[in-house]
Amino acid sequence: MLRRPRTPGQTFFSRLRTFFRRRFLDLTFLGITLAVALGLLALLTAFILVLLNASRLAIDRFGLALLGEPRWAPSAGHFGFLPFIDGTLITAAVGLVIAVPISLGIAIFLSELAPRWLSEPLGYLVELLAAVPSVIFGFWGIFVLVPVMRTTIDPALASANASVNQALHVNIPVFTGPILGSGVLTAGVILAVMIIPTISAISREALRAVPSPQREAAFGLGATQWEATRISVLSYARIGIVGAIILGLGRAVGETMAVTMVIGNSDFVPTSLFSQGQTIASLIANEFLSTYSNPLTASAFLEAALVLLLITLTINIGARLLVWRLVRSTGGGGIE
Amino acid sequence: MKFDRDARRRVFNWIVGVLCFLCVVAALVPLLSILYTAFINGGHVLSLSFLVSKENNVGVCFPGDPASCSVGGIGPALYGTGVVVGLASLMSVPVGVLSGIYLSEYGRNALGRSISFFTDVMTGTPSIVVGLFVYATFVYIARTVVFSALSGAVALAIIMVPTITRTTEEGLRLVPNTLREGAYALGIPRYRAVLQIVLSSGRSIVVTGVVLAVMRAAGEVAPLLVTAFGSSLGFTGVNEPAGLLGPLIFFDATGGSSLLVSAAWGASLVLILLMLGISLLARIALRNRFK
């Protein structure tokens, strides 16, 4: 900050005015912006404290035992979260298994293989998928995806599972049970569609951040395009890619409406991928409004929200630590 | 022998290329399917009266007269969305822009970096958790009425702030330092340099961030189920429940009657067209900025 030299002619009041105009307003402005920015940190802390406070009733009564309890029947006093934790983990895992290979394929195609005139519009279209609201994914899921799953994909998977079981004389219960169309598998598929834009966009940034001499060295050794990508680009960008996948996981775990609309909303631990189920988020969206008047039930829901918050915070902190420098250096503030 | 191996490598290279292209296609199929389904099912519902209807008289039939059934309209829901998202913007835009200014102009230190980091982390908070946080704050801390336009607006504001903060920060960082130095050289105080020169140079990106945040908020459902809840009248007061477009789609889509479903498709189409239009405009605005 430059300081104007004092001249002998200045009176006390003119100096005071100068101070007010330059230093005081400057400091006030800095103070206001700093206070607001610190307010963001306070907000994040308040999330945890308020939810902790509001769920005290359930925490005092049951503590963390709810996490392993398999029975959810609020009217009978059972508040087990296990079905929903299982549902959350299974749907997120299905989503990742489908989304990760596809997103990496997209990232490689757009960053390494496609010419610019093609990769720009295609990349934009993939990002558009992220602009579609969750409830519309769910609506589409009810009327398009669920029938397709019920009539085509589920029966095919069921017969494949049956023939594997028969051939190996085992009893793997992955694609078994009644075929309803809605259920954890369908929810996982919808999650996959929803997290593909996240994973592919950040992986693409990670690939873009690889310096070109890396590629040129591989080409110089006679590598094909794919070999150069595999040897020198993917290995160089792997931390960013892992971060992108974990960010996708965070999104999948917290996704609410689309899952709520296709998962079937059953409060039991899923026994196969065809089972109907419930995630922590869909539980809250489905049942909170019908039970919030009972204080103990309401505080159990708030404890579920707290658990979900802590899970997603952990996932997101881990992921952001991995992609921090990457997204930072490429100015990716608007990726989400 | 050597020739065979090279040929195999080239074929493999080609196969991987095709597979990667198919991945892009696989991601575009759901997008196109969603657009197609919404246009087919929602297109014929869409009309001026659907958009400006006085009531969400969705699926109302006079008894004994099937011809009187109409899909009604979404006028109140559009109005409610406008008011509640507007209220949320009034809260979130000043907070987001001011904190973004701090992060870009004063926050190039450990404190600024950690605030920036946790703001990014906040963008990953599930919106339903934000909803219950607002619910708990209204019920247990403020001890006031919770199913209201106000609580809905607060929840949406919390969802909007991190996006606005980070976009403002990134946008202002792109403003060249020479502009700031030029302002100081003219003797302009720092706060005025920031407000009048830096902010106005970076305003297109700041506005884009705000628009993207508004867009996300306009399509939200989960946090509103436990806050603004829903109302067939749209907006009737800050302490009354409010009806918004997103929850309307959810309730109508799962409501069971085919008229309700038609209305939900119409509402979805409106929302999709808004989203696509806005993100296209944001894209164009950002492109001109970066080139």
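**Domains, interface and a helix pair**

Chain A is divided into domain 1 (23–53) and domain 2 (55–329), with bounds that come from an automatic or database domain assignment. This is a predicted model, in which local features need pLDDT of at least 70 and side-chain atom pairs count only at pLDDT 80 or more, while totals for chains, interfaces and linings use all residues. Residues are numbered from 1 along each chain as its sequence is written, and chains are lettered from A and ligands numbered from 1 in the order in which they are written.

The centres of domain 1 and domain 2 of chain A, taken over C-alpha atoms, are separated by 33 Å. Their contact takes 5 residues from domain 1 of chain A and 6 residues from domain 2 of chain A, two residues being in contact if their C-beta atoms, placed from the backbone, lie within 7 Å.

Between the chains, the contact takes 75 residues from chain A and 80 residues from chain B. On the side of chain A that touches chain B, helix α1 (residues 12–54) of chain A gives the most, with 21 residues; helices are DSSP runs (H or I, at least four residues), numbered from the N terminus.

Within chain B, the axes of helix α6 (residues 149–173) and helix α9 (residues 203–218) come within 8 Å and cross at roughly 160 degrees. Axes are lines fitted to C-alpha atoms, for helices over the stretch in contact, and angles run from 0 to 180 degrees between N-to-C directions. The crossing angle therefore makes α6(B) roughly antiparallel to α9(B), a term for angles over 145 degrees.

Note on methods
Helix = DSSP H or I, 4+ residues; strand = E, 2+ residues; numbered from the N terminus. Parallel < 35°, antiparallel > 145°, perpendicular 65-115°, else oblique.
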